[in-house]
Amino acid sequence: MAETLGTRFARAVAAKDRDALRELLADDVDFKGLTPGRTWEATGPDEVLEVVLGSWFEDSDTIER
C-alpha cells in the first residue's frame, strides 16, 4: 500500500527533513496553526518550514511520529 500524504508529512517532520517537507508543500500553501497562547500564519513553503522547523522545534528535540 502506498504511503499517504499525511504519513509522508509526519515522517519528514520527525526527521526534520526540510527538502522532503518542501516537496510536499504546494507553492501556494496557506498555513494557519494554533499552539497554546499563539496563532501562526505562513504563506508559501519557505514560511511554513520556518514556522514548523524554525520555531516549533529545536535542533535537539526528538520528534516521534
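**View A. Arg11 is partly exposed, at a relative accessible area of 39%.** The category denotes values between the two limits for buried (under 20% relative accessible area) and exposed (over 50%), computed with a 1.4 Å probe on protein chains only. Glu3 is likewise partly exposed, with a value of 40%. The two residues form a salt bridge in which the closest N and O atoms are 2.3 Å apart; the term requires a side-chain nitrogen of Lys or Arg within 4 Å of a carboxyl oxygen of Asp or Glu. Side chains of opposite charge can pair when their charged atoms come close. The model shown is predicted: local features need pLDDT of at least 70 and side-chain atom pairs count only at pLDDT 80 or more, whereas totals for chains, interfaces and linings use all residues. Residues are numbered from 1 along each chain as its sequence is written, and side-chain values use heavy atoms, leaving out hydrogens and water.

**View B. Arg22, Asp27 and Asp46 are linked in a network of salt bridges.** Across the whole structure, three salt bridges are found. Arg22 pairs with Asp27, the closest N and O atoms being 3.4 Å apart. Asp27 is exposed, with a relative accessible area of 62%, while Arg22 is partly exposed at 31%. Arg22 also meets Asp46 in a salt bridge, at 3.7 Å from N to O. This pair links distant parts of the chain, for Arg22 belongs to helix α2 and Asp46 to helix α3, 24 residues apart. Helices (H or I, at least four residues) and strands (E, at least two) are DSSP runs numbered from the N terminus. Asp46 counts as exposed, with 55% relative accessibility.

**View C. Phe31, Trp40 and Trp56 form one aromatic cluster.** The structure holds two aromatic pairs. In one of them, the ring centres of Phe31 and Trp56 are 5.9 Å apart and the planes stand at 55 degrees, so the pair is tilted. The residues come from distant parts of the chain: Phe31 is in strand β1 (residues 30-35) and Trp56 in helix α3 (residues 45-56), 25 residues apart. Trp40 and Trp56 form an edge-to-face pair, with 6.1 Å between the centres and 80 degrees between the planes. Trp40 lies in strand β2 (residues 38-43) and Trp56 in helix α3, so this pair ties together parts that are 16 residues apart in sequence. Rings of Phe, Tyr and Trp (its six-membered ring) pair if their centres lie within 6.5 Å; planes under 30 degrees apart count as stacked, over 60 as edge-to-face and the rest as tilted. Phe31 is buried, with a relative accessible area of 18%, and Trp40 is buried at 12%, whereas Trp56 is partly exposed at 31%.

**View D. Arg38 lies over the face of Trp40.** The distance from the ring centre is 3.7 Å. A charge sits over a ring if NZ of Lys or CZ of Arg is within 6 Å of the ring centre and within 35 degrees of the ring normal.

**View E. The largest nonpolar core has 15 residues, and those with the most contacts inside it are Leu21, Phe31, Val48 and Val52.** The elements that give two or more residues to this core are α1 (5-15), α2 (18-24), β2 and α3. Helix α3 supplies the largest share, five residues. A nonpolar core is a set of buried Ala, Val, Leu, Ile, Met, Phe, Trp, Tyr and Cys residues joined through side-chain atoms within 4.5 Å. Val52 touches Val13, Phe31 and Phe57, not counting residues up to four places away in sequence; contact means heavy atoms within 4.5 Å.

**View F. Leu21 has its place in helix α2.** This residue is buried, with a relative accessible area of 2%. Leaving aside neighbours within four places in sequence, Leu21 is in contact with Phe9, Ala12, Val13, Leu49 and Leu53. The C-alpha atoms of Leu21 and Arg11, ten residues apart along the chain, are separated by 9.1 Å.

**Setting of the views. The chain has three helices and two strands.** From the N terminus on, the elements run α-α-β-β-α. Of the 65 residues, 28% count as buried. Among contacts between residues at least 6 apart in sequence, 37% join residues at least 24 apart.
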